[in-house]
Amino acid sequence: MSDLKDDLASLRIERKPDRSGLIRAFGWVVVLLLLAGAAGGGWVWATRERPLDVQAASVTERPRGTQAAVLNASGYVTARRRATVSSKITGKVVEVNVEEGMAVKEGQVLARLDDANPRAALAFAEAQAEAARRNIAENEVRLADARVTLGRRLQLVKERVVAQSEVDQAQVDVDSIAARIAAAREMVRVAERQVGMQQTDLDNTIIRAPFSGVAITKDAQPGEMVSPVSAGGGFTRTGICTIVDMKSLEVDVDVNEAYINRVVPGQGVTAVLNAYPDWQIPARVITMVPTADRQKATVLVRIGFVKLDPRILPDMGVKVTFLRPDAKPVANTDEASARPATLVPKTAVRSENGQNVLFVVRNDGRVERRAVRTGGEDGPQLEIVAGVTRGEQVVAPLPPVLKDGAQVTVKP
């Protein structure tokens, strides 16, 4: 019996345990875990903090005591007294006593013209005047003789020696000579006037400076012809030199008529020459020319320098800044007045719960909300008394959704 059991046991087939269900269940668990991880990652990615695109502006400063700007423009240095000196007559230049850059005084001789003809004409007029004077002297002698003859004939007519007709003839001779003397005297006056005219023509050969200044051009040379009008087919000069009165320098600026309401007479101006970009020159508005250029839509504004300097030259390019006359100081303390004014764009500041705040961009790409104290306005900028320092970047303009600590990307 035991042998039979052993034989049956030997015929039994050994089978491994069926674990396929367990494997399938484990696989589903892994898939579910992966799907859950992917879903969680997607949710995290979808709900992550995205950087906000913003624009930023730098915090700037201007020296305390300077006024705020309301308008910028450009123009040129001009001279109110500027003249191209010429002669009153046409003549040949024989002498030029001026060079470019030379300082001249009023009345100084700049050039001389050939005076041979005017001098000869003057001598002829003087001779005519002298002849007229001698004619008067001759007639005066004859008048004296005629009066003596008249007196004698009056005595003789009383004595009935001569007839009355002879007395009448003697009276006619006296009156005739007296009339010739009066005419001769008028001729003398005419001759003297002619002498004066010829003397003026002679004086006109000497060209003098009409005012004190500096010669900026030399337009004629000895041997050339000059004339007050253009003549000779373009070969005749119309000027000797050009003189500029350096004390009359000012700036002419064309201001767009849309902004002319920002300019008033006496308004402070800062001028910067293109040749000296770091030199700020104080100036004042003289006046606005009361007419507009129809083609350019501009109004001419004259600006005078507070103090002239030898470096300021005519026709130099200049940029001007019109200053706001009612610039508001930050405080009345010496420390505040010595400290430069800190400026940010107006769009960088907003009011929250009665407090002025702005957002500073940190180095880590996030913004920091700061409460600030503001001062006066400076055109499109706002003065910040406390809260930021020069060189920091502030968000401007401010997006409505920006919060403290938000991550931002500054757009160029």
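Arg302 makes contacts (heavy atoms within 4.5 Å) with Arg80, Glu250, Val251, Asp252, Arg284, Val285, Ile286 and Thr287, leaving aside neighbours within four places in sequence. Arg302 is found in strand S16. Helices (H or I, at least four residues) and strands (E, at least two) are DSSP runs, numbered from the N terminus. At 19% relative accessibility, Arg302 counts as buried. Buried means under 20% relative accessible area, exposed over 50%, and partly exposed in between, with a 1.4 Å probe and protein chains only.

The model is predicted: local features need pLDDT of at least 70, side-chain atom pairs count only at pLDDT 80 or more, and totals for chains, interfaces and linings use all residues. Residues are numbered from 1 along each chain as its sequence is written, and side-chain values use heavy atoms, with hydrogens and water left out.

The protein has 412 residues, of which 32% count as buried. Its secondary structure comes to 5 helices and 25 strands. Among contacts between residues at least 6 apart in sequence, 74% join residues at least 24 apart. The accessible surface comes to about 26,100 Å², and 54% of this belongs to carbon and sulfur atoms. Accessible areas come from the Shrake-Rupley method with a 1.4 Å probe; for residues, only the protein chains shown count as cover.

A nonpolar core is a set of buried Ala, Val, Leu, Ile, Met, Phe, Trp, Tyr and Cys residues joined through side-chain atoms within 4.5 Å. The largest has 25 residues. Val77, Val251, Leu273, Ile303, Ile312, Val320 and Phe322 have the most contacts inside this core. At least two of its residues come from each of strands S4 (69-79), S13 (249-256), S14 (268-273), S15 (280-293), S16 (298-305) and S17 (317-323). Beyond its neighbours within four places in sequence, Val320 touches Leu71, Asn72, Ala73, Val251, Val253, Val269, Thr270, Ala271 and Ile303. A second, separate core has 18 residues, including Ile89, Val96, Ala220 and Ile243.

Nonpolar side chains also occur on the surface. Val31, Leu32 and Leu35 form a nonpolar patch with about 280 Å² of accessible area together. Patches are made of residues with over 30% relative accessible area and no salt bridge; like charges are joined within 9 Å, and nonpolar side chains (Val, Leu, Ile, Met, Phe, Trp, Tyr) within 5 Å. Val31 is found in helix H2 (residues 20-46). Its relative accessible area is 37%, so Val31 is partly exposed.

Two open sheets were examined. Two strands pair if DSSP finds at least two bridges between them. Antiparallel strands S5 and S12 (residues 241-244) are joined by 4 bridges. Val85 has Cys241 as its bridge partner in S12.

The other sheet also has 4 strands, ordered S9-S8-S6-S11, and its pairing is antiparallel. Strands S9 (206-208) and S11 (225-226) are the edge strands, each pairing on one side only. Strand S6 (residues 91-96) pairs with strand S8 (residues 109-113) in the antiparallel sense over 3 bridges. Leu113 in S8 is the bridge partner of Val93.

The whole structure contains 18 salt bridges, each a side-chain nitrogen of Lys or Arg within 4 Å of a carboxyl oxygen of Asp or Glu. Asp115 pairs with Arg119, with the closest N and O atoms 2.8 Å apart. Asp115 is partly exposed at 24% relative accessibility. Arg119 is partly exposed at 46%.

Arg133 forms a salt bridge with Glu192, the closest N and O atoms being 3.4 Å apart. Arg133 lies in helix H3 (residues 116-158) and Glu192 in helix H4 (residues 164-203), so the pair ties together parts 59 residues apart in sequence. Both partners are partly exposed: Arg133 at 36% and Glu192 at 40%. A network of salt bridges links Glu130, Arg133, Arg134 and Glu192.

In the salt bridge between Arg370 and Glu392, the closest N and O atoms are 3.0 Å apart. Arg370 lies in strand S21 (residues 367-371), and Glu392 in the loop between strands S23 (381-386) and S24 (393-395), so the pair ties together parts 22 residues apart in sequence. Arg370 and Glu392 are both buried.
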